[in-house]
Amino acid sequence: MRTPSFRQWRPAAFAALALVALAACGRPTSTSSASDAASRVYVAPGEKDEFYAFFSGGFSGQVSVYGLPSGRHFKTIKVFSQDPETGYGYSEQTRAMLNTSYGNVPWDDSHHPELSQTAGVPDGRWLFINGNNTPRIARMDLTSMETAEIIEIPHSAGNHASPFVTENTEYTVAATRFSVPTPQRDVPIDTYRENFAGVLSFVKVDSSTGRMALAFQIRVPGYDYDLSSAGKGPSHGWVFFTSYNSEEASTLLEVNASQRDKDFVAAVNWKRAEACVAQGKGTREPARYAHNIVGPDHIARTEWGTSVTVITPMNCPGLAYFLPTPKSPHGANVDPTGELIAAGGKLATVIPVFSFRKMLAAIEANAVDTVIHGIPVLQYDAVLAGEVPEPGLGPLHTEFDGQGNGYTSMFVSSEVVKWSTTTFQVLDRIPAYYAIGHLMIPGGDSRKPWGKYLIALNKITKDRYLPTGPELTQSAQLIDITGERMQILLDFPTVGEPHYAQALPASLIQDRQLKIYDLAHNTDPWAARGESEAGITRRGRTVHVKMTAIRSHFMPDNIEGIQVGDSVFFHITNVEQDWDVPHGFAVTGINNAELLVMPGQTRSIVWVPTKPGVFPFYCTDFCSALHQEMQGYVRVSPRGSSVPLTANTTRR
Amino acid sequence: MTTRTRLLLALAALALTVTYVLPLWHIALEAPQYPEGLGLYISIDGVTGQNPHDLQSLNGLNHYIGMHKIVPEEIPELRFLPVAIGVLTALGLLAAAIGRRWALTTYAAVLVAGALAGLADFWWWGYRYGHELDPRAAIRVPGMTYQPPLIGSKQLLNITAHSWPASGGWILTIAVTVVVLLTYLAWRRPRPVTA
């Protein structure tokens, strides 16, 4: 192995020097009076927040719902991870949600929530989020705040540049962070350059139902595709993906993928892609992938995809262009006018801002440095609108306030930098505690930002909260951006790691929230829509119990004739039609999960008793004054016992 | 009867028909756990929740104190009342057509008797719901009964019940009042002397 040369270490040395310089000239933190900040985030008891915010859970695999400006946590939406608290991913109705071509994958690493948009503005219909580990995109319904659909992305590995949507949610995109052999095959890793490729996937979203479908994939050079942002207004029809590792290294990327001065932003013309697909320029390649959909009966089922249309820039000229971008870019963010694209180079000393207009002109004038696998590399100076000089260290992500300002997170120097989208000069900076990743302004990635607040999503908290052993909380910080200077108002802990977030005014969705599921429309085959439909049946060694739950009893609540080793399916229907009255269900020794059943809903869980005896079951959600009385017994007899199968399904 | 009296009588009789669409009575319940409100509308042919599932929720709550389930299909009055309203409307129009004071007076008497009978019947249902409690109910408070007020407000354990006429009930009240007033005026005015 070669000894690393000074050339290789230069960025690190530079970073250390710059850090010292910045510390020397940094301005003192502006701290408003604590009571002033407190009054601006205070939401009095019984009052409601102004914004809903949806934070990714990172390694938790879920999405959490908060109110702004209070930072109060309302709910965690179960998406990619099993949740024994509610039975999500365990119950018969939800298990299929986690199916993939790798089998049932009961967790993931969720990174980027993305609200559906109409005319470039969040419309409050759906929320998408990517599963980074086992490439997937989930869609949540914002009236139930439940996961409605998960589609797996074949040929992809590390679905990081996802699930950003186009202006009218025509597509949600998914680009691979790790290039891999596509289709997957057994090859030596050091044949990376010959055998590895990246794919940019375009998932069509049905405009009325939200249902997703894998429309096509673009096979691109084997770089690491990191983040993306769709064009809007004049740039509608394009999506911009950042990439790093244009060195195409397959080992020790922290050094080997940091060699070149510039990597690329890939500008992809998806309308051109549609045309090429329509002209039959794509090839249909076999690819098995899971598509899990919650049906009108509220039961998730898997449909298996078997192939995907793949196009390449070689056979579809005009499909993609590379914009040279300094040093391992991370975020690529289109401003509200659709004209500017800010790219954050993790190791860069400036924030390059590209001009869409100049990009079109450069394409027209053929201002091309070189062509890589059919993708013209446009000249940096020909596409540049400006560079934000001396922004700080480690620029990652940019959001906009709609007032002509960009706000960029600086991971290494741990701060938010505000800059002008006309002069490209830094206007203000404020520290983040600590190591900010993404930042988010309500609507700050759309055509019409609501502005007002900025959320810093931080990786490290160290001394900011009461310590809790080695594992500390992750954190968000609420920053007021209404004034000339940014002002920090509030720190609040988050569930899991908040990579990215989205927010929208509460008024857009709060009145559309479901209160109950309509029992009359419950079409679950095992539903008992009333106590008269409760009952028990045996099919071989499988027993089905149709059980109702209402304050404060189960029907039936005495079951006999179960034998050791039977698979006992408890199908619990909550027959309440009253707001905020869920019932729980749990039985002694159940090996998977409890159930939490919403009014009007049916959830089913299987229990395999392992020993004879009489075992209680009970409601796990304190539902009423007589909640403690909401219980029952199952008698389990030895295998082959003659105890008849009975359940008391009539009221005594 | 003057033409004006006959016209007003006919209008009052026709006004009764609004009860085919508008509810007669509203019982609203206030409880700490129901910030969104809970209540029932009583109309001539049914009992419905003020929110879509209130009747079911109320029956659910009432089972704790052992109250009978309110099942509109089992209340015979709700089948009989639509017919009665139709008959009363027809009788009013007939009285207006006859145009004689005796007709008006007879009609007023029938109408008032009908209204009083209706109120008494409503009170009787409330009495039975409030008093005929399952002795095995989970919550038994010695001496406590749960009859809702006929009109006005009353505290029943954690629930405050308000009972007032609803839009149809008010229109019905006004119609009855008009007919009674017309009768009173008809008797005060001297009879036209006939030759």
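Which residue in β5(B) is the bridge partner of S153(B)? In this predicted model, the bridge partner of S153(B) in β5(B) is H162(B). Strands and helices here are DSSP runs (E, at least two residues, for strands; H or I, at least four, for helices), numbered from the N terminus, and two strands pair if DSSP finds at least two bridges between them.

Local features need pLDDT of at least 70 and side-chain atom pairs count only at pLDDT 80 or more, whereas totals for chains, interfaces and linings use all residues. Residues are numbered from 1 along each chain as its sequence is written, while chains are lettered from A and ligands numbered from 1 in the order in which they are written.

**Confidence and chain contact**

The model scores ipTM 0.83 and pTM 0.91. Chain B has a mean pLDDT of 93, with 97% of its residues at 70 or more, pLDDT being the predictor's confidence in each residue, from 0 to 100. Between the chains, seven residues of chain A are in contact with six residues of chain B, where contact requires that the C-beta atoms, placed from the backbone, lie within 7 Å. The side of chain A that touches chain B comprises three nonpolar residues, one polar and three charged; in this division Ala, Val, Leu, Ile, Met, Phe, Trp, Tyr, Cys and Pro count as nonpolar, Asp, Glu, Lys and Arg as charged, and the others, Gly among them, as polar.

**Chain B**

The strands β4 (residues 152–156) and β5 (residues 159–165) of chain B pair in the antiparallel sense over five bridges. They form a hairpin with two residues between them, and L157(B) in the turn has a positive phi of about 50 degrees.

Helix α4 (residues 101–131) and helix α5 (residues 167–188) of chain B have axes that come within 9 Å and cross at roughly 145 degrees; axes are lines fitted to C-alpha atoms, for helices over the stretch in contact, and angles run from 0 to 180 degrees between N-to-C directions. The contact of α4(B) with α5(B) involves 11 nonpolar residues, two polar and one charged. Among the residues that meet are L104(B), Y107(B) and L111(B) of α4(B), and V176(B), V179(B) and L182(B) of α5(B).

**Chain A**

The domain assignment of chain A gives domain 1 (47–512) and domain 2 (519–647), with bounds that come from an automatic or database domain assignment. Their C-alpha centres lie 42 Å apart, and their contact takes 12 residues from domain 1 and 11 residues from domain 2 of chain A. On the domain 1 side, these residues divide into four nonpolar, five polar and three charged.

An open sheet of four strands in chain A has the order β3-β2-β1-β35, with antiparallel pairing. Because β3 (73–77) and β35 (501–505) stand at the edges with a single partner strand each, one side of each is left without a neighbour in the sheet. The twist averages 20 degrees from one strand to the next. Within this chain, β1 (residues 51–56) and β2 (residues 63–68) pair over six bridges in the antiparallel sense, and F55(A) has S64(A) in β2(A) as its bridge partner.

**Backbone features in chain A**

Most residues other than glycine have a negative phi, and most peptide bonds are trans.

| Cis peptide bond | Omega |
|---|---|
| L68(A) to P69(A) | near 15 degrees |
| Y433(A) to Y434(A) | near -15 degrees |

P69(A) is found in the loop between β2 and β3 of chain A, and Y434(A) lies in the loop between β30 (426–431) and β31 (436–440) of chain A. H373(A), a residue other than glycine, has a positive phi near 50 degrees and is placed in the loop between β24 (368–372) and β25 (375–378) of chain A.

Notes. Contact = placed C-beta atoms within 7 Å.
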